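Here is a friendly walk through strand pairing and salt bridges. Keep the sequence and the 3D view open as you read.

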Amino acid sequence: GVAVLYTTPLHLLVTASSRIRDVMDLRGKRVVVGAAGSPTEFTARMSLEGLGISFSEMEIKRIPDADLVRSLETGELDAVFYRGNDPYPLIQEMMRVPGVKFIPMSRSHIETIRAHHPFLTSTSIAAGIYGAHSEIETVGGDMLLACRADLPGELIYWVTRTLFESLPELANSLPALRRID
């Protein structure tokens, strides 16, 4: 590992009709957990398993991103997990669906998850990024800069230095890079 760049939060969005008030209410619900093998699926699975909830206890839906908003609008879904950098355009679209809101994870849930999976970190979604909502506590995964162990140290230094020196310019095209310290 060369550097931790930033943390990408896991968003949990639910519909009003789902009556989901807490992450523990997901059992028996129709839930999108991301594409198979995706960072969203991995983070959702680890988070839920840390809380003692298995994917087998939910009706897992695999819906392409392009169909998520429509599926929320038509009532085909109860909840969506999505891992993305704020503000994420698709999350903005989902939050415009009437009755869709964020569900935060409680401090005790985050601590329980981290006790099982310490590589997941406590993070938050800033208030107001997606409309009128308060700060949302959740878990996230770190985006890392990594390399093979056999690379020359000088090359690793050059790549890392170039990245950090280029951040102001790069951040204009990818706002998430503004979070790199």
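A residue counts as buried under 20% relative accessible area, as exposed over 50%, and as partly exposed in between, using a 1.4 Å probe and protein chains only. With that scale in hand, E165 is exposed at 53% relative accessibility.

Please keep in mind that this is a predicted model, in which local features need pLDDT of at least 70 and side-chain atom pairs count only at pLDDT 80 or more, while totals for chains, interfaces and linings use all residues. Residues are numbered from 1 along each chain as its sequence is written, and side-chain values use heavy atoms, leaving out hydrogens and water.

**Strands**

Helices (H or I, at least four residues) and strands (E, at least two) are DSSP runs numbered from the N terminus, and two strands pair if DSSP finds at least two bridges between them. Strand 7 (residues 136-145) pairs with strand 1 (residues 3-14) in the antiparallel sense, over six bridges. Within that pairing, Y6 has M143 of strand 7 as its bridge partner. Strand 7 also pairs with strand 6 (residues 120-125), again antiparallel and over six bridges. Here T138 in strand 7 stands opposite T123.

**Salt bridges**

How many salt bridges does the rule give? A salt bridge is a side-chain nitrogen of Lys or Arg within 4 Å of a carboxyl oxygen of Asp or Glu, and the count by this rule is nine.

| Residue pair | N to O distance |
|---|---|
| R45 and E41 | 3.4 Å |
| E76 and R70 | 2.8 Å |
| R161 and E165 | 2.6 Å |

Let's take R45 and E41 to begin with. These two residues are four apart in helix 1 (residues 39-50), so about one helical turn separates them. R45 is partly exposed, at 28% relative accessibility, whereas E41 is buried, at 10%. The pair also belongs to a network of salt bridges that links E41, R45 and R62.

Next come E76 and R70. E76 is partly exposed at 33% relative accessibility, and R70 is partly exposed too, with a relative accessible area of 40%.

That leaves R161 and E165, which both lie in helix 5 (residues 153-170), four residues apart, or about one turn of the helix.
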